[in-house]
Amino acid sequence: MERQTLASSSSSTSGISIISPPPEDAWITTYQKLRPQLQSLFSSNQSVIPIEVSRVNQVDAARLDIEMSAMLKEQLVKVFSLMKPGMLFQYEPELDAFLEFLIWRFSIWVDKPTPGNALMNLRYRDEHAVEARGKVRTGLEGPGLTIVQKIWYCIATVGGQYIWARLQSFSAFRRWGDTEQRSLARRAWFLMQRIEGFYKAASFGNLLVFLLTGRYRSLIERVLRARLVYGSPNMNRAVSFEYMNRQLVWNEFSEMLLLLLPLLNSSSLKNFLRPFSKDNSSNLEGDEALCPICQETPTTPFLAIPCQHRYCYYCLRTRCSATMSFRCSRCNEPVVAMQRHGGSVDHIVTKKE
């Protein structure tokens, strides 16, 4: 029995083929073969994520940077307040360029956002590198500006603005536009005007494209391919909307007042509201000695014709010159002429004179 069992077991093992183990570098070879297919699969399924950066945030950031520069300039001017008046006026372009350089040096040059961009949670990103990398996880990743981009940004924003401001002030001081038409200065003046007009037209076109796509708020950013993106995908807006709403309401209200106040005539408004007033004591004898316009004792008294109410000469003269249909502020009677107080009929001065 034991011999039969051993024989059967030996015969069964002889029928089974023994599998040899794979070589040690087999998985490396397989990975190298499958790597191109995996890369093509991931690149086809994971394209660049389109992101939308708020246009309002980008415009607000630029405005905040301007306000920050103006604040620094105001503080710097106070330092030289005790010196000769007007000393900083002739060096104003250099002062502006110095402040812009300081902001650039301690923000963009060290890969940090400007004060306005920091408040709006924005930063600059190199779009050339993003297009080369392809897929990103949230659409906000990507390297900052390169050294070349930073230098060109400084040259364009700081140096370009300074040179153009100095050139404009020098040409205005030398009166290039008033010289002869064939002179070199005249041609340079026309060339400056054309360059400025072309730049403004290009800036306006860039603004329309920015409002449409939300990318590159200025020509410099478009040329350098420096795009503003969110610095952190989970960071809330630093400026409260409630504060912004109050500022917008107050600005609109102040602009409306500045528009309407010059159109209002105080004397006409008083005359219109006089019949509805309960107090009619303005015509008392004590008030007759005062000018109804400035409420002071007239130094050069004149009488309004024909109502004979007394005014200051300058008050009555300016009102009659400004309004041909001027009415007396006391009795609402049309004033047709002026007469010196205590003078004869020869001293009457008509409003047409």
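I began with the secondary structure of this predicted model, and I counted 13 helices and 6 strands in the protein.

I then looked up how much of the protein is covered, and I noted that buried residues make up 24% of its 353 residues. For the accessible surface I wrote down a total of about 25500 Å², with 63% of that area belonging to carbon and sulfur atoms. Turning to contacts between residues at least 6 apart in sequence, I found that 57% of them join residues at least 24 apart.

Next I went to helix 3, which runs over residues 55-79 and has 25 residues. From its first C-alpha to its last I noted a reach of 37 Å, which is close to the 36 Å expected at 1.5 Å a residue. At the start of helix 3, I saw that a side-chain oxygen of Ser54 comes to within 3.4 Å of the backbone nitrogen of Val56. I also listed the buried residues of helix 3, which are Asn57, Gln58, Asp60, Ala61, Asp65 and Ser69. Beside that list I put a reminder that an α-helix has 3.6 residues a turn, so residues three or four places apart point the same way.

My last entry concerns a nonpolar surface patch of about 650 Å², to which Trp109, Val110, Ile147, Val148, Ile151, Trp152 and Ile155 contribute. I followed up one of these residues, Ile147, and placed it in helix 7, which covers residues 147-174.

Technical notes
Residues are numbered from 1 along each chain as its sequence is written. This is a predicted model: local features need pLDDT of at least 70, side-chain atom pairs count only at pLDDT 80 or more; totals for chains, interfaces and linings use all residues. Side-chain values use heavy atoms; hydrogens and water are left out. Helices (H or I, at least four residues) and strands (E, at least two) are DSSP runs, numbered from the N terminus. The expected span of a helix is 1.5 Å times one less than its number of residues. Buried means under 20% relative accessible area, exposed over 50%, partly exposed in between (1.4 Å probe, protein chains only). A polar contact is a pair of N or O atoms within 3.5 Å; within protein, one must be able to donate a hydrogen and the other to accept it, and residues adjacent in sequence count only if both atoms are side-chain atoms. Patches are made of residues with over 30% relative accessible area and no salt bridge: like charges are joined within 9 Å, nonpolar side chains (Val, Leu, Ile, Met, Phe, Trp, Tyr) within 5 Å. Accessible areas come from the Shrake-Rupley method with a 1.4 Å probe; for residues, only the protein chains shown count as cover. A salt bridge is a side-chain nitrogen of Lys or Arg within 4 Å of a carboxyl oxygen of Asp or Glu. Contact means heavy atoms within 4.5 Å.
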